[in-house]
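Grab the model and work through a few exercises with it. Each one has a task and then a solution, step by step.

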Amino acid sequence: MKKIFAGLATLVGLLAIALAGLLLSGNISSYSLPMILNVMTGRPGASIDAESAQQHYRLPPGFSVQIFANDLPKARFMRFTRSGDLLVSRPHAGDIILLQRDSDGDGYSDGRRTIISELDRPQGIDFSGDWLYIAEREQVGRIRFDHAAGITRDHYEPVITGLTGDGNHWSKTLRFGPDDMLYLAQGSTCNICEEKDPRRATIMRFAPDGSDGEIFATGLRNSVGFDWSPWDDELYATDNGRDMLGDDFPPCELNRVEYGNFYGWPYFNGANVPDNDMGPDPLATQRVPIPPAHAFRAHNAPLGISFVDTSNWPGDFEKVALVALHGSWNRSEPDGYEVVSLHFTDKGIEERVFLGGFNQDGNILGRPVDVAQGPDGAIYISDDFAGAIYRVSHSEAVDQLAIEPSQQQAPAADTIPDWVAAADLEAMSSRGEQLYLQHDCASCHEQGENPVTLEQSSYAAIERALLSPQAPMPLLPLSEQERRELAAYIASEQ
């Protein structure tokens with residue numbers, strides 16, 4: 001026992017010395033220490049509440065953000081069930097959590113439960129029919145899943161075994177492709193080295209039962225996230241560039257991954273820039289490195305990627321993928337910490353900030369990990385630092401509450417919700433007035449230099465605005481009945 005404690009003490013001491021050396025060298029700053037602990041141990045940062053999210057996070061016009069679930073430390077990758085519930089993997093907790101769909105319309109998950117636990121660092125999850133597949137540190141397993149009941153059936157069984165889980169990038173990500181084959185990404189053991197296991201730093205492909213395994217593409221240092229573009233079924237994968245070459249090099253990458261291709265690592269960085277630490281590629285006569293389809297800024301750590309249906313979105317969104325940038329640790333100034341939209345155009349790929357504000361002058365509020373589009377069309381984003389799942393939604397039309405008074409129109413008759421006809425509107429309005437005073441609504445809607453007036457807003461528009469407010473309006477902690485009471489009061493005052 002003494003030897004074990006002595007070994008642990010030595011390990012902690014060496015880690016402390018290494019971190020001190022990095023700080024003194026200027027390669028990292030003090031803000032990086034929580035990030036390093038987050039990566040190594042899953043240690044979360046401070047939790048975030050709905051009010052803080054509304055205050056700090058930024059979105060394009062027409063979108064709003066809510067917290068779908070909170071108090072969910074170490075949340076990583078997500079997948080929706082056919083019933084609309086959301087599964088979330090937690091590698092450092094060793095479990096998969098089910099977040100119940102929002103059936104009451106308040107924007108929050110209706111509950112949660114653990115569907116499977118005691119796993120070895122589970123990260124990637126996906127469905128193939130009634131099987132739930134889980135990528136653990138050294139294997140891939142599967143278990144029957146009842147989508148209607150939201151529970152597992154029978155027993156958990158391994159389908160791919162013998163994988164290595166040592167080194168820096170132990171996590172595995174899996175998805176089923178348009179060809180119904182299982183794709184599995186596995187990162188490198190190191191920052192820069194020649195791997196002993198040829199399956200490291202690759203994307204592999206298997207039949208659903210784990211047979212017929214092959215290496216699909218190589219030279220991918222850490223392609224944590226990947227997805228297929230819906231317009232041509234091309235596979236795109238994010239990739240984290242190496243560290244310790246300064247603040248601005250090499251870039252992180254988005255690669256269009258094709259069978260048999262080599263994407264450069266460890267002999268090339270970015271647009272095929274040779275790595276001086278490795279020297280010439282010994283297989284140069286057999287392979288040619290493929291440059292990235294798009295370059296992210298250095299150390300932004302792109303993780304989850306999802307091509308999304310934007311057909312009903314406001315603004316300029318067409319052929320779009322959303323990417324979660326986990327954010328830097330190996331940088332003198334923090335960078336990343338946002339969700340970006342990649343716009344695929346005839347001129348190339350354009351990157352824009354979609355959900356920003358996680359970095360408040362070096363105070364990091366969260367670290368986005370994965371992006372998934374729900375059956376409701378909303379975007380769900382996991383954050384393993386704040387321990388939250390965010391829901392980003394939009395209105396098909398701009399709510400009346402957000403329109404200038406001169407542009408507002410009278411509500412149409414078909415905007416009156418069903419509950420109004422049977423309601424005691426006078427009593428509801430009285431209770432709504434108390435809510436109006438309690439939440440100091442007058443400070444924005446009646447007072448100040450530019451109050452946002454509430455004239456000619458329909459019941460439906462008021463309810464929508466309370467459920468999915470546009471900044472700077474906060475998301476109020478109201479039940480469905482309270483929203484209706486407040487709507488009754490506001491409508492009665494018009």
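A cavity here is a set of points on a 1 Å grid over the protein atoms alone where a 1.4 Å probe fits but cannot get out, and lining residues have an atom within 4 Å of a point. Keep in mind that this is a predicted model: local features need pLDDT of at least 70, side-chain atom pairs count only at pLDDT 80 or more, and totals for chains, interfaces and linings use all residues. Residues are numbered from 1 along each chain as its sequence is written, and side-chain values use heavy atoms, with hydrogens and water left out.

**Exercise 1.** Which residues lie nearest the centre of the largest cavity?

*Solution.* Start with the search of the whole structure, which turns up 4 cavities of 30 Å³ or more. The largest holds about 80 Å³ of space, a volume being the space filled by probe spheres set on grid points joined across faces, edges and corners. Of its 14 lining residues, D239, G241, E253, F268 and N269 lie nearest the centre. Now sort the lining by class: 5 nonpolar, 5 polar and 4 charged. (Ala, Val, Leu, Ile, Met, Phe, Trp, Tyr, Cys and Pro count as nonpolar, Asp, Glu, Lys and Arg as charged, and the others, Gly among them, as polar.)

**Exercise 2.** Which element gives the largest share of the lining of the second largest cavity?

*Solution.* This cavity has about 60 Å³ of space. Its lining includes F77, T173, L174, R175 and I305. Strand 10 and strand 20 (302–307) each give two or more residues; strands are DSSP runs of E, at least two residues, and helices runs of H or I, at least four, numbered from the N terminus. Strand 10 has the largest share, with 3 residues.

**Exercise 3.** In what order do the strands of the open sheet run?

*Solution.* The order is 10-11-12-13, with antiparallel pairing; two strands pair if DSSP finds at least two bridges between them.

**Exercise 4.** At roughly what angle do the axes of helix 4 and helix 7 cross?

*Solution.* The axes of helix 4 (residues 425–438) and helix 7 (residues 480–492) come within 7 Å and cross at roughly 95°. Axes are lines fitted to C-alpha atoms, for helices over the stretch in contact, and angles run from 0 to 180 degrees between N-to-C directions. So helix 4 is roughly perpendicular to helix 7, the label for 65 to 115 degrees.

How values were computed:
1 Å grid on protein atoms, 1.4 Å probe; cavity = no way out; pocket = protein on both sides within 12 Å on 5 of 7 lines; lining within 4 Å. Parallel < 35°, antiparallel > 145°, perpendicular 65-115°, else oblique.
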